[in-house]
Amino acid sequence: MTKVALLKCRDYDEDLLIRTIKDGLAQIGFDLAQFHKARVGLKPNLLMAANPDKAVATHPSFFKAVAKIVMENGGTPVLTECHGFGSFKSVMNSTGYSEVVKELGMEVGKMDEIAPLHYPQAKLIKRIDISKAFFDVDMILSLPKFKTHGFTYMSGAVKNLFGTIPGLRKARMHLRFPQPMEFSQWLLDLNGALLRGFDKPKKIIHIMDAVIGQEGEGPGPSGTPREIGAIIIGSDPVAVDYVASGVVGLDYKKIPTIMLGFKRDFAVSSPEDISIIGHKVEDMRVINFQPTKSSISSHFLRGWLVSPTVKNIVIEKPWPNEEKCTLCYKCKSVCPAGAISNALENKKIPEYNYKKCIRCYCCIEFCPEAAISLKKGKLQWLLGL
Ligand code: SF4
Ligand code: SF4
């Protein structure tokens, strides 16, 4: 049985966070003495520049609480995160991380240099290049933010480790694996590589910030902050995500990283293998949690629906809103498929080429104005899907 600690935490009060996280670590059998003299990589979700109230990034107080626990126990916390988009400085400033790092005198990992992890049991790629900074720490504390996700349905522990890959290499992976099932399988390869690929295996603990998460069209500014009131801790990313999906009432069978994760040799193979400690999922359940509107069909059928015409009638397309768009072209710069061009004359929105679009929804994720929504395909309207 794999232990997952499910803890109640209603706000970002520092003392409360420290107490709750320590409690959770003890419940899963993690001895804080393991931090002694260790360099500990703290890997939050710093998707982009956004105020902490938007619930886009792992909350800075959450990050600070974990860093303090490591320091109190004789370890050296190192911020290790390949952020998603924008200058690292602006991401650090707007998310509140600059202040934390300065106050604690924390080291920030240099993330650009890469080094290979080899994972022969991988399903798709047996060599994955990650930031070398993760090689330079003794253990990793992954601090995912619980959010909905238009492409993978949910962003949690499995998805958070995508941020071990530097900059544009992330976009390349979207292009290489444009279907959610394949992409999720590759994310699991990455999780497996991080567990099994280092010469000397590193302990990875997932401490999920689900105090305030996101519902609706997450994981960027288009998502809606939602109080969940939970911290979820475990060493198995699939088990942690399964528990998180249960708390908000998402059907885990719709989440490819969980369903495919149950078949991987480094993770639990079914819900029955998970021992939930602390609180019961039913006691923590969030009522009327809103999933992404991105349809189930787009997650499970689109592997076969590669024709542009079919794609355009059965899968939601990203649709910019003239009233909100400022023509900043961040969407254009993050689009891995090169499907977005400058606005045509007299138009107030960028030009989208839906034949090229692979429906990764990175443009929605990174649009700072939350100006892009999902538009159903014609057949979806007709069938009421
Ligand atoms: S849709 Fe969003 S990201 Fe794209 S140009 Fe408009 S405001 Fe910028
Ligand atoms: S247009 Fe948006 S959804 Fe389509 S490929 Fe580009 S970033 Fe992804």
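A residue counts as buried if 20 or more other C-beta atoms lie within 10 Å of its own, as exposed if 12 or fewer do, and as partly exposed in between, with C-beta atoms placed from the backbone. In this predicted model, local features need pLDDT of at least 70 and side-chain atom pairs count only at pLDDT 80 or more, while totals for chains, interfaces and linings use all residues. Residues are numbered from 1 along each chain as its sequence is written, and chains are lettered from A and ligands numbered from 1 in the order in which they are written.

Helices (H or I, at least four residues) and strands (E, at least two) are DSSP runs, numbered from the N terminus. In helix α1, the buried residues are L17, T20, I21, G24 and L25. Seen down the axis of α1, they fall within an arc of 135°, so they line one face of the helix. The arc is taken from the directions from the helix axis to the C-beta atoms.

These buried residues pack against β1 (2-8), α2 (60-72), β10 (203-216), β11 (223-234) and β12. Contact here means C-beta atoms, placed from the backbone, within 7 Å. Just after α1, G29 takes a positive phi of about 90°.

## The sheet

Eight strands form an open sheet with mixed pairing. Their order is β4-β3-β2-β7-β10-β11-β1-β12. Two strands pair if DSSP finds at least two bridges between them. β4 (107-108) and β12 (274-278) stand at the edges, each with a single partner strand, so one side of each lacks a neighbour in the sheet.

β2 (residues 39-44) and β3 (residues 76-79) run parallel, joined by four bridges. V40 has P77 in β3 as its bridge partner.

β10 and β11 run antiparallel, with 10 bridges between them. They form a hairpin, with six residues between the two strands. A210 is bridged to A230 in β11. β11 also joins β1 through five bridges, and this pair runs antiparallel. There, V4 stands opposite G234.

## The two ligands

A residue is near a ligand if its C-beta atom, placed from the backbone, lies within 6 Å of it. Ligand 1 is surrounded by 13 residues. The closest are C325, C328, K330, C331 and C367. Its shell has 10 nonpolar, one polar and two charged residues.

Ligand 2 is surrounded by 13 residues, the closest being C335, A337, C357, C360 and C363. Its shell has 12 nonpolar residues, no polar ones and one charged. Ala, Val, Leu, Ile, Met, Phe, Trp, Tyr, Cys and Pro count as nonpolar, Asp, Glu, Lys and Arg as charged, and the others, Gly among them, as polar.

Conventions: Contact = placed C-beta atoms within 7 Å.
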